[in-house]
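Hi there,

Here is the structure I promised to pass on to you. Have a look at it first, and then read my notes below.

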Amino acid sequence: MFNTLNIFVYGTLKPGESNYQRYCAGKVLSAKRAIALGQLFDLPLGYPAMTLGDSPVHGYLLSFPDDTILYQLDWLEDYDPHRPELENEYNRRQVETYDPAFASLGFAWVYLMSLEQVYSWGGVLLADGWW
């Protein structure tokens, strides 16, 4: 299991949401309820954005057998590692994840948006960390 890739998802990629079926179904080894620290915003575009911060954001830790899923998810999240960060809609970072009791689940990739971009699109803070 050393080659598995973990991704923390908090929006449309969560099980049961619109993009889970399209991008993740049939590829996920496991999906566990998880928490990462940040701030969660509802965007008028119909999906959420997570920023850096220190509040609990609720989502799922998805485990994949390898990193090939990143190409599809980078495209979905409009992330290109070769572009300047300000030109990406989201930027991919590694963050520590936790189970609901706040025991560490290790590090996972997450797609984060800049606070400036969230505000420019009229994002509304979801203080409870759920989308």
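**Pockets and a helix**

Strand 3, strand 4 and helix 3 each give at least two residues to the lining of the largest pocket. Helices (H or I, at least four residues) and strands (E, at least two) are DSSP runs, numbered from the N terminus. This is a predicted model, where local features need pLDDT of at least 70 and side-chain atom pairs count only at pLDDT 80 or more, while totals for chains, interfaces and linings use all residues. Residues are numbered from 1 along each chain as its sequence is written, and side-chain values use heavy atoms, leaving out hydrogens and water.

By class, that lining of the largest pocket holds 6 nonpolar, 6 polar and 3 charged residues (Ala, Val, Leu, Ile, Met, Phe, Trp, Tyr, Cys and Pro count as nonpolar, Asp, Glu, Lys and Arg as charged, and the others, Gly among them, as polar).

Now for helix 2, residues 69-76: which of its residues are buried? They are I69, L70, L73 and D74 (buried means under 20% relative accessible area, exposed over 50%, partly exposed in between, with a 1.4 Å probe and protein chains only). Seen down the axis of helix 2, these fall within an arc of 125° (taken from the directions from the helix axis to the C-beta atoms), so they line one face. Y71 and W75 are exposed, on the face turned away from the buried side.

Finally, Q117 sits in helix 3, residues 115-120. Q117 counts as buried because its relative accessibility is 18%.

Enjoy exploring!
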